[in-house]
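This report walks through the structure shown here, beginning with the whole chain and going on to sheets and helices. It is meant to be read with the sequence and the 3D view side by side.

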Number of protein chains: 2
Amino acid sequence: MWLGLDLGGTNARAAVVDASARVVATARAQLQDRSPEAVADVLAQAARSALQQAGNPSVQGCGVAVAGQLEGDRGVVVVGPNLGWRDVPFAELMEARLGCSIRLVNDLRAAAWGEFHGGAGKGASDILVVFVGSGVGSAAISGGRLVTGAGNVAGEFGHIKVAGPEGRRCGCGERGCLEAYVGGHNLSAQLREAVAAGPTALAALCNGDVDALTPAHLEQAVALGDPAASAIFERAAELLSLAVANYVTVLNPARLILGGGVLSNVPALRARVEEGVARFSNANARKSVQVVDAALGDDAGLLGAALLGAGTPGR
Amino acid sequence: MWLGLDLGGTNARAAVVDASARVVATARAQLQDRSPEAVADVLAQAARSALQQAGNPSVQGCGVAVAGQLEGDRGVVVVGPNLGWRDVPFAELMEARLGCSIRLVNDLRAAAWGEFHGGAGKGASDILVVFVGSGVGSAAISGGRLVTGAGNVAGEFGHIKVAGPEGRRCGCGERGCLEAYVGGHNLSAQLREAVAAGPTALAALCNGDVDALTPAHLEQAVALGDPAASAIFERAAELLSLAVANYVTVLNPARLILGGGVLSNVPALRARVEEGVARFSNANARKSVQVVDAALGDDAGLLGAALLGAGTPGR
């Protein structure tokens, strides 16, 4: 049995995975205090609870999926934006609590690995995963191996530049990143700006409470023909679909796996991405690729983390 | 000893490579008739000539670098644009002539593999090679393995889209490809268009013979402050530098290897690409990457083809 853990910005989740890559038990706990020690306590508690449900099997390996920049070999979270962490030796903290060796893995790579082994990527060995949620990220599998990059930061798709120095400011501090236009937080910010700028159907859709605006309102306002919402949608759709299509051109995956809250809550945007791949990617690459939705939801990251923690060959 | 062959649009080249990945003999022959049988004859002749110089060693494997879309496993050139080939079972033709097993490899991947083993990529295991010559292409090595893609067409960097449906027409038949703006043939076409459109220093630089215009004239005219040339240069520099920077962001290579006639004949463009990587790629990816020039020239493809023909592990 292997243990897969997932550290989000608000939740800690755990899963016990068996030798057939099946999730046999899960548990979840809410993060309160975000200090590394407190987070490690909560995550260890979730792990113990999942293990207990599974009958306390012995654990051969444990992977922890974390959003952010990691030094996996040293077990350090270099930058964990959701938790405000810098240089946290988190593997060490978890090892002390769980007594087994811990491997930290990027959350999107964990999800890609999970989908590859047990979800929408099964049977393919060249896979591109693109998630558009509050952030925008990607992970690629080439010939059955994760593309990690020289500095372990490959796949930072949300931070490719799609606009010049006058572009929107991104959470990463730079300007013109794709995420600044299509990430969930930034879409919501654009909706608030639209309400502030003039009459738009968005104001009524959120009953005047602009802080309640989400990407789902964007879909509704576009369906109503609202010009302000349509302009935001159009720009996001153009930038995202072109960028994904070009990514498909250079990587030539067999499967493009789409996921994340924005794509599931704004189906019109999901449709434009699929259309963009068909229209803008290179003819040869287009022939190989099948566009599919992520199939395992939250379990993908847990499964992938467990398998990577177990040292699945090919990573 | 291994044999590396390279099939260009006008030349056939051959090299004998020893067990230390050193090129010990080379030969070259001009292609006349472009029929597959005739081309195979000329290439086999070059191979025999190189082997003779090396003292006719026994050959353990042979790789042939070919520009175009290949089905390597079947040994077929699906589309060979330089030779006007479609579905040519070229490995078979070469096997009949040389009596050893033949592996067809994409020319840019062969060059990348050669640079990786004996040139500008030595010591790195995550490498991105971008060549801007008459065409624009790329090859990536991730964790010491070539990224081939599901349909063996990964790396078609010249055919990412950088402009909409109104964009320039590319040799591939589509519109708005990067190659349509920065590839050598297309740069020359833009220079001819500039001369036709109005007064420009380009007319004097080519002594009125617009068919003699090459990308090197672009560099000269820009240095003279010519507005028409500067506009062409500026657009090419912006599109190329941004695209390369974004490629670096998603792949996070340790080494970005630049090559090809356009980049060597237009050093100002080469400089802009390096500057673009520093300015536009993601901060984390930027930290890992070293921008270098291809070191082996024409030998890279021969060496890489020989090593891939030899079945180097890791491809």
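Predicted model: local features only at pLDDT ≥ 70, side-chain atom pairs only at ≥ 80, totals over all residues.

## Overall make-up of chain A

Along the principal axes, the C-alpha atoms of chain A fill a box of roughly 60 × 45 × 35 Å.

## The sheet that contains β1(A)

In chain A, 5 strands form an open sheet with mixed pairing, and their order is β3-β2-β1-β4-β8. The edges are taken by β3 (23–30) and β8 (102–106) of chain A, each of which has a single partner strand, so one side of each is left without a neighbour in the sheet. From one strand to the next, the twist averages 20°.

Within this sheet, strand β1 (residues 2–7) of chain A and strand β4 (residues 62–66) of chain A run parallel and are joined by 5 bridges, and A:D6 stands opposite A:A65 in β4(A). Helix α3 (residues 107–118) of chain A packs on the sheet, where it touches β4 and β8 of chain A, and its direction makes about 95° with that of β8(A). Helix α12 (residues 299–309) of chain A also packs on the sheet, touching β1, β2 (11–17), β3, β4 and β8 of chain A, with a direction that makes about 130° with that of β1(A).

## The sheet that contains β9(A)

Another open sheet of chain A is formed by 5 strands in the order β11-β10-β9-β12-β13, and its pairing is mixed. Here β11 (145–146) and β13 (290–293) of chain A stand at the edges, and each has a single partner strand, so one side of each is left without a neighbour in the sheet.

Strand β10 (residues 136–142) of chain A is joined to β11(A) by 2 bridges, and the two run antiparallel; A:S142 stands opposite A:R145 in β11(A). Helix α8 (residues 227–251) of chain A packs on the sheet and touches β9 (127–132), β10 and β12 (255–259) of chain A, while its direction makes about 160° with that of β9(A).

## Two helices in contact

The axes of helix α5 (residues 184–197) of chain A and helix α7 (residues 215–223) of chain A come within 8 Å and cross at roughly 50°, which makes α5(A) oblique to α7(A). On the side of α5(A) the contact is made by A:G184, A:L187, A:S188 and A:L191, and on the side of α7(A) by A:P215, A:H217 and A:L218. By class, this contact has 4 nonpolar, 3 polar and no charged residues.

## Helix α8 of chain B

In chain B, helix α8 (residues 227–251) has 25 residues and reaches 36 Å from its first C-alpha to its last, close to the 36 Å expected at 1.5 Å a residue. Just after α8(B), B:N252 takes a positive phi of about 50°.

Definitions and conventions
Residues numbered from 1 in each chain as written. Chains lettered and ligands numbered in written order. Heavy atoms only, no water. Helix = DSSP H or I, 4+ residues; strand = E, 2+ residues; numbered from the N terminus. Expected span 1.5 Å × (residues − 1). Pairing = 2+ DSSP bridges. Contact = heavy atoms within 4.5 Å. Axes fitted to C-alpha atoms, helices over the stretch in contact; angles between N-to-C directions. Parallel < 35°, antiparallel > 145°, perpendicular 65-115°, else oblique. Nonpolar A, V, L, I, M, F, W, Y, C, P; charged D, E, K, R; others polar.
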